[in-house]
Amino acid sequence: MRPKAKRRLDACNNIGDLRRVAHKRLPAPIFHYMDGAADDEISLGRNTSAFDDYELLPRYLRDISSIDLKTRVLGADLDLPFFLAPTGMSRLFHHDKEPGVARAAAHHGTMYSLSTVGTTSIEDVAGATTGPKMFQIYIFKDRELTREFVHRCKAAGYTSMCLTVDTPLAGNRERDNVTGMTIPPRFSLASLWSFASHPGWAFNLLRDRDFRMANVAHRVDALKNSTMRLMDYINSQFDRTITWDDAAWIIEEWGGPFAIKGLQTADDARRAQDAGASAIMISNHGGRQLDTTPAPIDCLAPMRDAVGDGLELIVDGGIRRGSHVVKALALGANACSIGRPYLFGLAAGGEKGVSRAIDILKSEVERTMALLGVNRVGDLDASVLHKAGC
Ligand SMILES: Cc1cc2nc3c(=O)[nH]c(=O)nc-3n(C[C@H](O)[C@H](O)[C@H](O)COP(=O)(O)O)c2cc1C
């Protein structure tokens with residue numbers, strides 16, 4: 001890495017700083033696609049601000065000489081209590097794309113999740129790292145494609161799967177309408193200046209122009225005489241008829257650790273348990289689907305009450321500080337997952353930028369635990385929390 005790029009990353013003290021660098025380095029349509037959310041973006045803001053409703057109660061004069069962050073979730077032993085959630089189209093943000101992100105995750109001993117709509121294949125990500133890997137699946141109308149993913153992930157050594165259920169149709173991302181964002185990006189008159197004024201991003205584009213959704217592209221190639229574009233194919237594949245029976249079917253096909261991603265209610269948590277899931281990623285898709293849904297952290301307690309210890313609960317969304325991870329664990333989460341924080345890092349500096357994002361959050365988690373007088377993730381409980389205003 002060039003010294004200037006390294007200095008730029010080293011100067012980032014927190015995830016907010018990485019976001020600012022990402023904003024500078026990406027053409028506006030790409031940045032806003034990553035950063036934006038649905039409708040009025042109420043959930044986007046609330047996902048993070050809800051953590052402020054829980055204050056931390058420090059406890060001193062305890063031996064805090066060692067802080068152990070080891071966590072077991074979805075059948076994987078992690079060195080950190082958070083992992084990287086699935087995000088599509090990483091090539092948009094940096095040419096290191098999915099393998100770079102997966103290597104950074106493995107370097108820190110945590111899990112990488114590959115999205116169905118990633119720009120690298122299941123097999124190529126598996127070849128890039130031996131770290132724990134989850135594959136995020138949709139149940140497409142073409143059930144054979146869904147089944148094909150399961151078999152390929154088994155063969156490639158993925159440790160777990162998650163089924164994303166909060167995207168039966170695409171959310172209303174108005175920033176994308178304003179900027180003219182399309183996938184893959186097209187150089188319209190409106191966005192031309194933005195692309196032209198980001199020579200670093202444009203130069204990297206020339207190094208690798210492959211924006212293909214690598215796991216589904218072969219299906220489009222196979223559609224004989226079809227003029228269908230890839231994105232149209234994906235949208236045409238979202239199936240509005242799927243139900244819990246289909247979820248149970250895919251969980252059984254996989255036969256290993258399996259999370260349902262995108263649930264927010266106690267009732268759905270019970271249904272996930274009945275369907276045979278081993279975990280739930282409590283999530284509103286980072287506010288990108290249905291706006292004004294509650295913050296995931298606020299859904300945790302009722303969902304835990306509903307399923308007891310029977311299911312692993314993962315808080316997904318809004319995490320921008322290590323203290324947010326600690327609060328989720330103290331409220332009963334088994335782990336957390338992050339999306340934009342590592343994407344900001346990816347845009348800011350490729351694999352090294354992702355590493356920087358993970359490093360920042362890791363040291364914040366360690367510092368928070370030390371100041372709370374807690375040595376191990378498993379020892380965190382509600383006694384370290386105070387509900388603000390009470
Ligand atoms: C640019 C972007 C792309 C995403 N793509 C996917 C995806 O392909 N599949 C999926 O299940 N979730 C996707 N998500 C949602 C993330 O997995 C995660 O739920 C969300 O980012 C968590 O919120 P956070 O960004 O505040 O951490 C995406 C999120 C972003 C920001």
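Strand β10 (residues 312–316) runs parallel to β11, and three bridges join the two. The model is a predicted one. Within this pairing, Ile 314 has Ala 335 of β11 as its bridge partner. Between the two strands, the chain passes through helix α16 (residues 322–330). This β-α-β crossover from β10 to β11 is right-handed.

Strand β11 also pairs with β4 (residues 82–84). Three bridges join β4 and β11, and again the strands run parallel. Here Phe 83 is bridged to Ser 337 of β11. Both faces of β11 are covered. Ala 335 and Ser 337 lie on one side, while Cys 336 and Ile 338 lie on the other. All four of these residues are buried.

His 324 has a relative accessible area of 5%. Buried means under 20%, so His 324 counts as buried. The His 324 side chain reaches the backbone nitrogen of Arg 320, at 3.1 Å.

Strand β11 contributes to the largest pocket as well. The volume of this pocket is about 990 Å³. Its lining comprises 44 residues, and those closest to the centre are Tyr 33, Arg 173, Ile 183, His 285 and Arg 288. Four elements each supply at least two lining residues: α3 (28–35), α12 (230–237), β11 (335–338) and α17 (340–372).

Two loop residues stand out by their backbone angles. Most residues other than glycine have a negative phi. Glu 41 has a positive phi, near 60°, and is not a glycine. Glu 41 sits in the loop between α3 and α4 (42–49). Helix α3 is also one of the elements that supply at least two residues to the pocket lining.

Leu 61 likewise has a positive phi near 60° in a residue other than glycine. Leu 61 belongs to the loop between β1 (54–56) and β2 (71–73). Is Leu 61 buried or exposed? The relative accessibility of Leu 61 is 91%. Exposed means over 50%, and therefore Leu 61 counts as exposed.

How values were computed
Residues numbered from 1 in each chain as written. Predicted model: local features only at pLDDT ≥ 70, side-chain atom pairs only at ≥ 80, totals over all residues. Heavy atoms only, no water. 1 Å grid on protein atoms, 1.4 Å probe; cavity = no way out; pocket = protein on both sides within 12 Å on 5 of 7 lines; lining within 4 Å. Points joined across faces, edges and corners; volume = space filled by probe spheres on them. Buried < 20%, exposed > 50% of the residue type's maximum accessible area, 1.4 Å probe, protein only. Pairing = 2+ DSSP bridges. Right-handed = clockwise from strand over helix to strand, strands pointing away. Polar contact = N/O pair within 3.5 Å; in protein donor to acceptor, adjacent residues only side chain to side chain.
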